[in-house]
Amino acid sequence: MKFFVTFYFIFIFNICLSLFTKKPLQESLLDGQEIYEDFCAQCHLEDGKGVKGIYPPLAKSDFLKDINRTISSIKYGLKGPIIVNGEKYNSIMVSQGLDDEEISDVVNYILNSWGNSSDEIITEEIVASIKK
Amino acid sequence: MKKKIFAPLLISILCLTSCISQENPPEIKTPDQSKYTTETIVDGIEIPWGMDFINENELLVTEKKGILYRVSNGKKTEVSGLPEVYQRGQGGLMDVALHPDFNKNKTIYLTIGVHLEGEKGGNTALYCAKLNENSLSNLKLLYKGQPNTKKGQHWGSRIVFDQNNHLYFTIGDRGNRDVNPQDISRDGGKVYRLNLDGSIPKDNPFIAKENARKAIYSYGHRNPQGMVFDKRTKKIWANEHGPRGGDEINIIKRGKNYGWPIITYGINYSGTMITDKTKMDGMEQPLYFWVPSIAPSGMAFSTSNIYPKWKNSLFVGSLKFEYLERLEIKNEKVIKREKVLESIGRVRNVKEGPDGYLYVAVEGNGILKIIPN
C-alpha cells in the first residue's frame, strides 16, 4: 500500500512537471492565434495572405523556411528589401513588444496555419536563444 | 423567360461588383510628382510618431520605441528623463506638443503607453514636463487611461490645443470595442479635453454626469491618430483608423458620439460584418470615410502661401499606401483627393512648420520637408 501511494505521488508529480515545463502545442497554437489576431492580422490579414507588394504573405511563405530569421524579425523587427514568394517588399516591421513565450506561440501558430506545417515546435527557450 | 431574368441579374451583378470594388468618391488622382521635392531634415528614425517645432531650426521628434529627440539644424540628440515607456503593439511613445506658451515656461506634453501599477499591460497616459536643453524635469502625470490591458491595438494618440488654452488628446478603444467606446464611465475610444495644467474644464460635457470620466470631450471613436486645430474656423479635426473601409475624418464636437462600433461604414478585416448600420439618431456622421482604407496617420492644414495651389488643403498621411494625401475641402465636404509624395514610405505624421512648410514623418526614414520646385 505504502509503495502504491508513493508511486502514485511520483506519477502525479511527473505529470505536473511535464505540464508546467513544456507548453503543449495545442495550447501554444491557441495562445498564438490570439496574439496573431491582436498584433499581426491588421497587416498580414487573418488568412495570412498579406497585401501583395505592401505586406508580405505568411501563408505558404518561403520566408518562413529560415525559422531563426522569422523569430528574429518578430523579436527585433525587420527592415529593408526582402523577396517573399518571388515578390519584392521593402518596408519596415518593428518589434511589437511581445515576450519570448508570446513569440514562441505566435510563431507556432504561423508555422501551422493556412496550409503551413512544421515539425519543429518553438519554445520560449528557443526564442530566448535568438540574438539580434 | 430567360431574357426577363437576364437583365435584372446583370444589373444586380454589376451593382454588387461596383459596390465591392468602388472607391468612395472623389477618386484619388496622381498629379505630376515633379512639382515638388523633399529635403531630409533628420534621418535614422524607425517610427517618427510625433513632432513639434521649437523654432525654425529646431524641433522635437518622438520615436515610438521610446526615444525623444531634440533636432537642431539636422542633428538629433536624445532627450533624457522620460518615464518608462511600455512599448507594445501599436503603443509606445506617441505624440509630443509644445505648450502654447513654451517660450516662457519650457513646458511640453507627451502621450505615452505606460504600465505604472495595477493590472498587467498598459494604457495611454498624458504627461507634461519641463524641457531643459537635452533633459526633462518636473515630469507630471496628467491623465492615465484605465484599466491596463495587454491588447496591442488602438492607443491613439495625438495632442492639440484650441484658442482658449484647452488641450485635447486621444486614446483609441484599446482593442475592446464592444465595451469601451460607447461607455463614458470608461476610458478608450475617446477624445479628451483638459486645461493646460491638467485640471478638468468646468464646461466639459460630462462634468455633472455621475460615474463619467470627466475629461471626456467626445466618444464612440475607434483609433484617432490624426488631429489638428483649424485656426480659421476654430474647429478640431480628427481622423481615425476604422475597420476595413471605415477610416474616417470627423470634426470633433462637444459631447458628441461618433458611433463606433454601433455604426460604421467599414467591415471587419476578415470580411465579416460588424453592424449593418451606418446611421443612427444621436450619432455623428463622418465628414468623410475612405474606401479603401488608407490607414490615416497625422493630419495638417496648409495655411501659408508657400504652396499657393494647396492653400487651406487638408493633408493626411497614409500608412498603408505610403503616400501623403491632399484633400480639398469646401463647405466641410471633400471635393478633391490627390496623392503627394507617391511611394515615399509609410507616412506617420504631417505638420505645418513655423516657416509655413509642410513636414512629413516617414517610417524607416525620418522627417522630410516638402519644397515646391
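This is a predicted model: local features need pLDDT of at least 70, side-chain atom pairs count only at pLDDT 80 or more; totals for chains, interfaces and linings use all residues.
Local features were taken at pLDDT of at least 70 and side-chain atom pairs at pLDDT 80 or more, while totals for chains, interfaces and linings use all residues. Residues are numbered from 1 along each chain as its sequence is written, chains are lettered from A in the order in which they are written, and side-chain values use heavy atoms, with hydrogens and water left out.

Strands here are DSSP runs of E with at least two residues, helices are runs of H or I with at least four, and both are numbered from the N terminus; two strands pair if DSSP finds at least two bridges between them. Five antiparallel bridges link β23(B) to β24 (358-362) of chain B, and B:N349 has B:A361 in β24(B) as its bridge partner.

A pocket is an open set of points on a 1 Å grid over the protein atoms alone, where a 1.4 Å probe fits, with protein on both sides within 12 Å along at least five of seven lines; lining residues have an atom within 4 Å of a point. Of its 31 lining residues, B:D52, B:F161, B:K231, B:K351 and B:E352 lie nearest the centre.

Strand β19(B) leads on to β20 of chain B, as the two run antiparallel and are joined by four bridges; here B:F301 stands opposite B:L314. All five residues of β20 (314-318) are buried, that is, under 20% relative accessible area, with exposed meaning over 50% and partly exposed in between (1.4 Å probe, protein chains only). Both faces are covered, with B:L314, B:V316 and B:S318 on one side and B:F315 and B:G317 on the other. Five bridges join β20(B) to β21(B), again antiparallel, and B:S318 stands opposite B:Y323. These two strands form a hairpin with four residues between them, and B:E322 in the turn has a positive phi of about 60°.

Most residues other than glycine have a negative phi, and most peptide bonds are trans. B:E332, in the loop between β21 (323-330) and β22 (333-340) of chain B, has a positive phi of about 60° and is partly exposed, at 34% relative accessible area. In chain A, W114 has a positive phi near 50° and is found in the loop between α5 (100-111) and α6 (124-129). Two cis peptide bonds deserve a look: B:P25 to B:P26, with omega near -5°, and B:V291 to B:P292, with omega near 0°. B:P26 lies in the loop between α1 (2-21) and β1 (28-29) of chain B, whereas B:P292 lies between β18 (288-290) and β19.
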